[in-house]
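The sequence and structure are shown here.

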Amino acid sequence: MPFKDLPDVAALRLTNLTVPGYLVGQSASLVAHSLTIVDGVISDAPAEAEVDMQGALALPCFVDMHTHLDKGHIWARQPNPDGTFDGAINAVGVDARANWNADDLRARMDFSLRCAYAHGTRAIRTHLDSHTPQDAITWPVFAEMRDTWAGRIALQAASLSSCDYIEEKDAFSATADLVAGTGGVLGTVTYPNPNIVAQISGFLAAATVRGLEADFHVDETLDPSVNTLRLIAAEVLASHFDAKVVVGHLCSLSTMDETEALHTLDLVAKAGLHVVSLPMCNLYLQDRHTGRTPRNRGITLVHEMKARGINVSFASDNTRDPFYAYGDMDMIEVLREATRIGHLDHADPDWCRTVLTNPAAACGFDAPSLAVGTPVDLVICNARSWNELFARPQSDRIVLRAGRAIDTTLPAYAELDHLMRTH
Ligand SMILES: [Zn+2]
């Protein structure tokens, strides 16, 4: 790009950028915009130098609100044997029991964070597998990572354990205390079982007494009879749970009876749940059967949610682990794939909110802004339109953090080779 090397002056004006209209109070999807950088923040002071950015599309740095940093990059030593959801659960369990010590977790988390940072992400929520005794190993490593990365990537963690674990009262309480003590979010995975309503109720009560927000993995299946989402929304309403609630996946909404799906979404809207869709991971795991071409995409009903005013986001989910073999913590890839999988391209003009403002609101991260006084944390691409943006991987993007271009070189996979030996 002709503007790859920006001049090093105290007050630099970037003219002729292209930015999402909603960020500057305009209804058009993309609009021309200029801004001046002084001391790393957007300023209205006079500029010393000016660069014509030739229409380059600039997005605020991304928020990735659903990841699994503790699982990331184990593929080389623990692949998914058949690419299915059950295959993933079993493979991760085997790997966690054998390998997830502090050194292993630290190295893989740091690798993922360096990828995310280089791609232009500034805030991440990760789920952490949190059964005892793994939680006592993983959470202190997370807290260390949060400190190490402060100022570059704001980190949050949510616990992850099955809804059955809620019934193991002492163990679940200990995990919830650990989450509260580390400033985390209480999480669980719901699936149909005879005690599910009591489990959700107990879970919300455990969050309430500790002042915790909630984050659910929900209905990650195409079985049309599965709808624990409706139960979660009903329990949130019945218990007057007033902290933020995130629900992720919701794949079975795409296969269940449409009337039931839409009625459920009405309830989700009423309960104020925040939705996160993980389209790449869903496309990988859902509707996979040996020797049979997949028919369904697995993505949840994002258009119908948006129409109801539900706060919808997209996120990475898993990265090079048995739940998703690929991925690189790149939110441009996530938005590009969500656009293709979910047909966002002939819909509303502001779907980019789903990796910017919406996840920030769902998690309580700083809202992205182009207002004076805001840090200049921008991803600038060699593209002037959504079509040009999504047509290429944008590997030559510029990432500005506090107004300065960072090194966007990605870490080499070889760095993890010493952890991938299986004997
Ligand atoms: Zn997940």
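The sections below describe a predicted model, starting with its metal site and ending with its cysteines.

## Zinc site

Four residues coordinate the zinc ion: His66, His68 and His217, each through NE2, and Asp317 through OD. The distances run from 2.0 to 2.5 Å. The angles subtended by the four donor atoms range from 84 to 173°. A tetrahedral assignment would require all angles to lie between 85 and 135 degrees, and the arrangement is therefore classed as irregular. Water is not among the atoms, so a site may look incomplete.

## Donors along the chain

The sequence spacing of the zinc donors is H-x1-H-x148-H-x99-D. His66 and Asp317 are 251 residues apart, and the pair links distant parts of the chain. His66 belongs to strand 6 (residues 62-67), whereas Asp317 sits in the loop between strand 13 (312-314) and helix 10 (331-342). Both of these residues are buried.

## Cysteines

The count of disulfides is zero, with a cut-off of 2.5 Å between cysteine sulfur atoms. Cys115 is in no disulfide, and the nearest cysteine sulfur to it, that of Cys61, is 15 Å away. Cys115 counts as buried because its relative accessibility is 1%, below the 20% limit.

For Cys163, the closest cysteine sulfur is in Cys251, at 16 Å, which is too far for a bond. Cys163 also has a relative accessibility of 1% and so counts as buried.

Definitions and conventions:
Residues are numbered from 1 along each chain as its sequence is written. This is a predicted model: local features need pLDDT of at least 70, side-chain atom pairs count only at pLDDT 80 or more; totals for chains, interfaces and linings use all residues. Side-chain values use heavy atoms; hydrogens and water are left out. Donors are N, O and S atoms within 2.8 Å of the metal (3.2 Å for Na, K and Ca); water is not among the atoms, so sites may look incomplete. Four donors count as tetrahedral if all angles lie between 85 and 135 degrees; four count as square planar and six as octahedral if opposite donors are over 155 degrees apart and all others between 65 and 115; anything else is irregular. Helices (H or I, at least four residues) and strands (E, at least two) are DSSP runs, numbered from the N terminus. Buried means under 20% relative accessible area, exposed over 50%, partly exposed in between (1.4 Å probe, protein chains only).
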